[in-house]
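Q: Hi! Could you walk me through this model while I have it open? I'll jump around a bit.

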Amino acid sequence: MFHPGDTIGPFRLLRTLGRGAFGEVWLGEKRSALLTTKVALKLPLVTDADFEAVRQEAELWLQASGHPNIVPVQDADVYDGQVVIASEYVAGGSLHDWMAVNGGKAPSIEEAVALTNGILAGLDYLHRAGLTHRNLKPENVLLQDGIPRLTDFGLARVLKTEGRTGNISGTPRYMAPETFSGSYSIASDLWAVGVLLYELLTGVPPFPTGDLMALILAIQSQEPTPLAVTIPERLRHIVFRLLAKDPGARYATASAVREALQTALQPQSPATSRPSPATVPNNLPVQPTSFIGREREIEELSGLLERTHLLTLTGSGGCDKTRLALQLSAEVLERFPDGVWLVELAALADPSLVPQTAATVFGLKEEPGKPIVQTLTGYLKGRDLLLILDNCEHLLAACGQLADSLLHICPNVRILASSREGLGIGGELTFRVPSLSLPDPGRSLNRCST
């Protein structure tokens, strides 16, 4: 439709920068008596019915302009019957091009974090302006001297308390689970940041992309492949929190993610890498013996606990579920600023007392006319902690109901359960604990099984 050398209003087309279903993007120049400036020209293929959508895009883009990590719009008009949106030309190409040159990922973890920080800075400005981007992907992030700048606001929308649209649009690979049902929010943009950061760190997407339906199913119901242990643990935690299925479990703002990233790569001294009970609140019992023979399971479970909010250790009696849960909890103490809390259920016979038993751990008491579950969820709603429900097999229904209530109301609470079988609720990830293999007869062993 367009060709190099064509003139549209004051602009002369030089070469294409990209094509899509919406139309084309061209590098153009605008000449005056004193200056010749280069611009990026978005040339939508619109009907009369689409003109209002283009006008809205230009207005929202203008509202978003004004931050160094956002490409500013410069002009929007109709010339000779052609709609034109002109923005600043960024010569460095897109993040997609840069990743392709670098094998699909950033050359280093530090560069991956730096790029993500720049993207988050632009998003934070956008969100503070009352807008969501809704189509964040490498092609819509341009690089100017290595600094990321957001562009293409064709799907941007004004933020609402409960954002919902009947028009499900975006690039599926970067769309959050809730967007496939028409819901969008700040959390949806932050999901896309999580996908971008995962790709910058690994060079591959967190979910399969070969088949569209398989991709959507994976985004909505499956967990991404664990990140390599060579990636700092705090950074892995940030990625998987950004990719939480529940929007409420993600970070509340882009600035909150940036704050978390500031410390993610800082080296941890031996004194802080494994906090003691005195530095992180908890009620874990002191183990009288050393823990031997479950190193592989601990490493795997540590990764799983980053990816899910309900992890249940299952297996037959005597396979060390409780001891494994306690050791895992001690290993991950530093992830939970509000502590790790054990709820012991082995001696409890009345299922109706499960919520009360959990509440007692936090010193909570029943209030007149208020269910204890409501008191417990109200207390835990703003806290970031791990709750251990130990020996649930004879109280499955009650434990499942309590876990379900906590997971829906308390976005930063994670639950580690032990039971002979799973709790059977949505979002649960089960791990069958294998029986211990026989120890090396030449190795000294002193352990006690529970």
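This is a predicted model: local features need pLDDT of at least 70, side-chain atom pairs count only at pLDDT 80 or more; totals for chains, interfaces and linings use all residues.

Q: I've clicked on Val25. Where is it found?
A: Val25 belongs to strand E3 (residues 23–31). Its C-alpha atom is separated by 6.0 Å from that of Leu43, 18 residues apart along the chain.

Q: What is Val25 in contact with, leaving aside its neighbours within four places in sequence?
A: That would be Thr16, Leu17, Gly18, Leu41 and Lys42.

Q: New topic: the open sheet of five strands. What's the order?
A: The order is E14-E15-E16-E13-E17, with parallel pairing. E14 (340–344) and E17 (428–432) stand at the edges with a single partner strand each, so one side of each has no neighbour in the sheet. On average, neighbouring strands here are turned by 20 degrees against each other, direction ignored.

Q: How many bridges join E13 to E16?
A: Four bridges, between residues 310–314 of E13 and residues 413–418 of E16, and the two strands run parallel. One of the pairs is Leu311 with Leu416 in E16.

Q: Which helix packs on that sheet?
A: Helix H13 (residues 396–409) does, touching E13, strand E15 (385–390) and E16. The direction of H13 makes about 165 degrees with that of E16.

Q: What about H12, which of its residues are buried?
A: In helix H12 (residues 372–380), the buried residues are Ile372, Thr375, Leu376, Thr377 and Leu380. They pack against helix H11 (354–361), E15, H13 and E16.

Q: Now H6 and H9. At what angle do their axes cross?
A: The axes of H6 (residues 233–242) and H9 (residues 295–307) cross at roughly 40 degrees and come within 8 Å. On the H6 side the contact is made by Glu233, Arg236, His237 and Phe240, and on the H9 side by Ser302, Glu306 and Arg307.

Q: How many of the residues in that contact are charged?
A: Four are charged, with two polar and one nonpolar making up the rest of the H6 contact with H9.

Q: How many disulfides are there?
A: Zero, in a search of the whole structure.

Q: Is Cys392 buried or exposed?
A: Cys392 is buried, at a relative accessible area of 0%. Cys410 is buried too, at 1%.

Q: Last one, zooming out: what does the secondary structure of the chain come to?
A: There are 13 helices and 17 strands. Of the 450 residues in the chain, 50% are buried. The chain exposes about 20,900 Å², with 53% of that supplied by carbon and sulfur atoms. Among contacts with a separation of 6 or more, 68% are between residues 24 or more positions apart.

Definitions and conventions:
Residues are numbered from 1 along each chain as its sequence is written. Side-chain values use heavy atoms; hydrogens and water are left out. Two strands pair if DSSP finds at least two bridges between them. Axes are lines fitted to C-alpha atoms, for helices over the stretch in contact, and angles run from 0 to 180 degrees between N-to-C directions. Contact means heavy atoms within 4.5 Å. Buried means under 20% relative accessible area, exposed over 50%, partly exposed in between (1.4 Å probe, protein chains only). Accessible areas come from the Shrake-Rupley method with a 1.4 Å probe; for residues, only the protein chains shown count as cover. Ala, Val, Leu, Ile, Met, Phe, Trp, Tyr, Cys and Pro count as nonpolar, Asp, Glu, Lys and Arg as charged, and the others, Gly among them, as polar. A disulfide is a pair of cysteine sulfur atoms within 2.5 Å.
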